[in-house]
Amino acid sequence: MVDPVLSVRGLKVDFGGEGRSVPVVRGVDFDVYPNEVLCIVGESGSGKSVTSLAVTGLLSETARVHGSIRLCGIDVTTADPETLRQMRGRDVGFIFQDPTTTLNPVLTVGRQITEGEVAHGRLKKSGAHARAAELLREVDIADPEGRAGQYPHQFSGGMRQRAVIAMAMAGQPKLIIADEPTTALDVTVQAQVLAVLARRQAEMGSAVILITHDLGVVAEVANRVAVMYGGRIVETAPVAEIFANPRHPYTRALLRSIPRIDTSDSRLDPIPGQPPIPGALPKGCAFQPRCAVGRDQPLCKAEDPALVAVGDQRQSACHFAGALPAEAIAAEPRILAASAAKHEPLLVVDGLRVHFPVKTGVLRRTTGWVKAVDGVSLSVNPGETVSLVGESGCGKTTTGRAIMGLVRATGGSIHFGGQSIRDLDHGTMRKARRQMQYVFQDPYASLNPVLSVEDIVAEPLRIHGLYDEMGGARRIAELFDMVGLSRTMLGRYPSEFSGGQKQRIGIARALALQPKLLILDEPVAALDVSIQAQVINLLQDLQRELGLAYLFIAHNLSVVRHVSDRVAVMYLGRIVEESSRDGLYELPVHPYTQSLLSAAPVPDPAVRDTRRRIVLEGEIPNPASPPSGCTFHPRCFRATEICSANAPSFDRYLDFATRTACHHAGPLEGRRNVFASGAMEIAS
Amino acid sequence: MRKLGSKTLSILGRLLASKGSALALIFLVSITLAAIFADFLPLNPVAQKLANALKGPSATNWFGTDELGRDILARVIFGARTSLVTAGGAVAIAALVGVPIGLVAGFFGGWRDAALMRFVDVLLALPAILFAMAMIAVLGRSQAAALIAVGLTGIPSFARITRAQVLTLRKRDFVTAVEAFGGTATYNMFRTILPNSWSPIFVQVVVLCSVAILLEAALSFLGVGVPPPTPSWGEMLRTGKSYLHEAPYYAVLPGIVLTLTILSFDVLGRALADLLEGRRDAVIAPKAEEVTS
């Protein structure tokens, strides 16, 4: 057998001073072999990023590292700084999460990606530009000679990340560490970047450690998977095994708690509780309080299980790894909202436009318009969930905020309950807002830090002068019960809550005035995977109990499929396709919808070899200068001359329920379902 | 409220944990107490005993006596009253005018911002001491005039610090959230943004106290501050200067008290900035030399 590139034994990392040291990594063993992609999966605080920094000796002074780390024959824990520096330049490449902060804004991209090689004396300065162009070409950047002389701000997000990959690969490293490399990118761009990363890795035979929380990405690229929880690896196995037959209750629960783009209506099965905080770990097995198998078992409470082999190439750290019950009870089916087509629609938006002026020069003259939203029409019926999906910059959030009156609409009409609510004066708008509330994406930023959570939830009632009328403190306590928070938490401050709990508080606040419609702006995007399911279930329960309508704004296609009744796909300020949920996911007719669906990673390694992706070229154009005709035509695989000349109208597709804006609308050739079948037509 | 109390206590505890800020706090508390209860002390700042003029420090007159035979210690303590009242009043005026200006300018932006901040820039462009002297020339020489003059020169720093704070908070989701459920702009400014801005404003209050005390002393030193016979530190420095040769303690001792007071406010301000905001050099304040030059 080949020697591993990296071999880690008994790695422990503690942070903090004397007496109150916090163990962040608590005994991690793993090996990475050449030409292998090891994915480390875990939630925030599981110690996955710290592990990756420790193996290259990049942790700060305050960290205390124990154990042995052998990287390419060098013992990292005892090596002197100069040896480490040499090793990092030669043998290891890094790809970090955010390409905007990885690249230095004042140096040209070409200089940065060759800097390492020049500094280590392997490349002459005179040859640097040619080498930079060569490296950029290898990661599919168009016009590499020209691009090498440009600065990072002239690159788009996906191109920056590809430049970072080029930089990491420049020295032909034996090991590449990629920490959440695609988390900051949109799904179509993520597909491009993962494809480039996989190709370059295969060409060079490097070992890759890929750290991620996205099980879809894992299924897409991994050879082997290590699952981390509470500072330890709890399970490791080849990728197919992990997904097919997880041998640790945490892995199993995690897989069952994520909504999947390719399946149906079963209600999510969330993991109860919160991920543990390093420094306040439960006794015994760290997962025991949340575990369906080991909860309150005396053995699990007393003893932290060791990571032991449970089969060929696989290990699990569970007392019951050998005796896990076959498959827990099938999750109960999700209850679909009753069809509400007979009702008057609650919200009707017609031709909504939000254009922001671009002002330049000393005189601040308006020289152009950013068409953030450019003619959006949609309707939401009572009790129904309508989703707006799209990549960043497509205008979905601006649409939501314009409906809420937080951003001024520049055209079109918005009717709520039959009454126009566009451009209302303050008093009337205030009344209308009682019926319609907003839940924000970032639970950390949307709660006022100086108020107690009781006051935060009561604030809408106080502002409308309804606090006493609606029951005062009793009403607040009821709202807490409704969102599953304990009444004992009423007097606490937002900083004392975890992300999922804060989002519950945000939902309780939105419900205080008994609205009929909630606008949910990416309500689970900022939450840990195991917490997302709890919040999604809560939203669905509330909808059923209170008959709420949701306008659900999201980029995650799996979550959208799980929660929606109807779905509208946005691209560059317009809706390009709208249909019932199943209509859209099973028979998408707009090429953008088709590529979006095909680019979304599916958490099932079995389909990765059979499923072909449509990898779109390029990225979303600047909304200040959108392409002529159909704004999608420069990236579209069906575009013809007519597409660049005329914008298609938004019409019904044949006699289907689907409405779409495309000159060449139609299903992918010969396929009814993107996910039911194997191969798909390849983007031409 | 209980929560707030415990927070205040913990900040106080951390202030006392550092030697410098503990000393500063103790000095300021004692001088404030002395100024408040000066009437109950066996000291008389105006009783003249000409036979006893310009005597050095002794058991009866710890700081010595001045050219009219008055007890210098008594005059320093009663002078503290003048200084602290003027400084406190001036900072109150500066905060009460400056903070709302910053709030409105930052919150609404646009023409309101432009108009208000240009007014603030005008105030800032005038040298503080000249501006204060001009104000006193108009209002006449009195403690109230000194107070108003010093207060007006403090407005820009409050306006700017508040505006900067509002600009960072304005686009935060929890401010938008209040807007989303129908809160008015006034509600948002005073109930959401202001409570989140207390830390830098409070730090600024402490720092501006030192500046105001110095400016008040400078005005008295130039002979346009609080009129005699009310004792004031600047006035004592001014008279003491003439006797620097035969009675150096006359100017030096009040000078030391003045310096220590200003130093204490400064040390305390920096320590608070560290504690409340976790950053150093965060304080926008006119530097002492700008004030006196």
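Guide: Two residues are in contact if their C-beta atoms, placed from the backbone, lie within 7 Å. This is a predicted model, in which local features need pLDDT of at least 70, side-chain atom pairs count only at pLDDT 80 or more, and totals for chains, interfaces and linings use all residues. Residues are numbered from 1 along each chain as its sequence is written, and chains are lettered from A in the order in which they are written.

Visitor: What makes domain 1 and domain 3 of chain A touch?

Guide: By that 7 Å criterion, 19 residues of domain 1 of chain A are in contact with 15 residues of domain 3 of chain A. The bounds, 6-105 + 171-323 for domain 1 and 581-660 for domain 3, come from an automatic or database domain assignment.

Visitor: Which helix gives the most to the side of domain 1 that touches domain 3?

Guide: H8(A) does, with six residues. A helix here is a DSSP run (H or I, at least four residues), and a strand is one too (E, at least two), numbered from the N terminus.

Visitor: Why are strand S10 and strand S12 of chain A said to pair?

Guide: Pairing requires that DSSP find at least two bridges between two strands. S10 (residues 232-238) and S12 (residues 314-316) of chain A have two bridges, in the antiparallel sense, and therefore meet the definition. Thr236(A) stands opposite Gln315(A) in S12(A).

Visitor: Why are strand S6 and strand S11 of chain A called edge strands?

Guide: The open sheet of eight strands has the order S6-S7-S8-S3-S9-S10-S12-S11 in chain A. Strand S6 (92-95) and strand S11 (308-311) of chain A each pair on one side only.
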